[in-house]
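Please keep the sequence and the structure in view while reading.

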Amino acid sequence: FGTYFEKKNLEKMIRNPQWTVVSENQYRRFFPLLSEEEIEDAASQISENEIIETIEYANRICAHEFDLLGSGFISVGEDINWQQDFVSGRVWPYVLAKDSFIIDLEDDSDIKIPWELSRHQYFSALGQAYVYTSDEKYSLEFKNQVEHWISHNSYKVGANWMCSMDIGLRAISWVWARTFFENSQSIGTSFWQLFHEVLASH
C-alpha cells in the first residue's frame with residue numbers, strides 16, 4: 001500500500017471514522033469516489049444471471065458454507081473455527097504464530113485451508129450482493145465475521161498470522177469490503193474504529 005500506510009497516516013486513519021488517510025498533506029481516498037448513480041449504472045450493466053449467481057454465493061457465505069481450494073461447499077457451522085482445516089479436521093494450536101508449525105507429515109492436513117478462509121476474499125461477493133439488493137443482512141454478515149475473526153485471531157497469534165502473503169491478501173479484502181459497506185446503516189462508527197485499528201496491524 002506504499003505511503004498510504006506509513007505510521008503517521010495509520011494514526012490519522014485510526015482516529016478518523018471516515019475511510020480517508022493523509023498523503024502529502026491532502027485528504028485522498030484509497031478508491032475513487034463514486035456516486036450512487038454511478039454505482040447503480042455499473043450494476044445495471046451486469047447480466048441477470050451473474051447477479052443471481054452472486055447473490056446465491058453470498059447467501060452460502062451467510063450460511064457459513066465455503067468452497068475452500070476446490071473442496072466443494074462445506075458447512076463450517078455457526079461458530080467458525082478460524083484455525084481449522086475443515087477438510088481434514090485438523091486444528092492448529094492457538095499459540096504465537098512463530099512458535100507454531102505449518103506442515104505435519106503424519107497426517108493429510110493442509111494449513112492453506114484456514115489461510116484461504118481468513119483471506120476473506122469472499123467479502124467482495126457479500127458486498128456485490130449488498131449493492132444489488134440493499135439487503136442489510138449482507139452488511140451484518142460482514143460485520144459479524146470481522147468481529148468474530150478479530151476476537152479469535154489476536155495479533156501474531158494462531159495460524160492466520162504465519163504467512164505474510166495471506167496477511168496482505170486479507171488486508172486487501174478488508175479494504176475492498178470497507179468501500180462496499182461504508183454507507184450501511186447497520187454498521188456504526190465503533191465498528192469502523194476497531195476495523196481500522198486491526199487493519200493497521202496488518
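## Overall make-up

A residue is called buried here when its relative accessible area is under 20%, exposed when that area is over 50%, and partly exposed in between. In this model, which is predicted, buried residues make up 41% of the 202 residues in the protein chain. The accessible surface of the chain comes to about 11,100 Å², and carbon and sulfur atoms account for 51% of that surface.

The protein chain holds eight helices and four strands, and from the N terminus on these elements follow the order α-β-β-α-α-β-β-α-α-α-α-α. Of the contacts between residues at least 6 apart in sequence, 67% join residues at least 24 apart.

## Helix α6 and its surroundings

Helix α6 covers residues 136–151, and its 16 residues reach 22 Å from the first C-alpha to the last, close to the 22 Å expected at 1.5 Å a residue. At the start of this helix, a side-chain oxygen of Asp 135 comes to within 2.9 Å of the backbone nitrogen of Lys 137.

The buried residues of α6 include Tyr 138, Phe 142, Val 146, Trp 149 and Ile 150, and also Glu 141, Lys 143 and His 148. Together, the buried residues of α6 pack against α3, β3, α4, α5, α7 and α8.

Phe 191 belongs to helix α8, which spans residues 189–201, and it counts as buried because its relative accessibility is 3%. Leaving aside residues up to four places away in sequence, Phe 191 touches Phe 142, Lys 143, Val 146 and Glu 147. The C-alpha atoms of Phe 191 and Val 146 are separated by 9.3 Å, although the two residues stand 45 residues apart along the chain.

Ser 118 lies in helix α4, residues 112–118, and with a relative accessible area of 0% it is likewise buried. Its side chain makes a polar contact of 3.1 Å with the side chain of Asn 160. Apart from residues up to four places away in sequence, Ser 118 touches Trp 82, Trp 149, Asn 160 and Arg 170.

## Salt bridges

Side chains of opposite charge can pair when their charged atoms come close. The count for this structure comes to eight salt bridges. One of them joins the side chains of Arg 119 and Asp 166, at 2.4 Å from N to O. This pair links distant parts of the chain, since Arg 119 sits in the loop between α4 and α5 whereas Asp 166 sits in helix α7, 47 residues apart. Arg 119 is buried at 16% relative accessible area, and Asp 166 is buried at 3%. Glu 116, Arg 119 and Asp 166 are linked in a network of salt bridges.

Within α6, the side chains of Lys 143 and Glu 147 meet in a salt bridge of 3.2 Å, N to O; because these residues are four apart in the helix, about one helical turn separates them. Lys 143 is buried at 17%, while Glu 147 is partly exposed at 30%. A further salt bridge, 2.8 Å from N to O, joins Glu 65 and Arg 60, of which Glu 65 is partly exposed at 25% relative accessibility and Arg 60 is partly exposed at 33%.

## Cysteines

How many disulfides does a search of the whole structure find? The search finds zero. Cys 62 counts as partly exposed at 23% relative accessibility, whereas Cys 163 counts as buried at 17%.

Conventions:
Residues numbered from 1 in each chain as written. Predicted model: local features only at pLDDT ≥ 70, side-chain atom pairs only at ≥ 80, totals over all residues. Heavy atoms only, no water. Helix = DSSP H or I, 4+ residues; strand = E, 2+ residues; numbered from the N terminus. Buried < 20%, exposed > 50% of the residue type's maximum accessible area, 1.4 Å probe, protein only. Contact = heavy atoms within 4.5 Å. Areas by Shrake-Rupley, 256 points an atom, 1.4 Å probe, with all protein chains shown as cover. Polar contact = N/O pair within 3.5 Å; in protein donor to acceptor, adjacent residues only side chain to side chain. Disulfide = S-S within 2.5 Å. Expected span 1.5 Å × (residues − 1). Salt bridge = Lys/Arg side-chain N within 4 Å of Asp/Glu carboxyl O.
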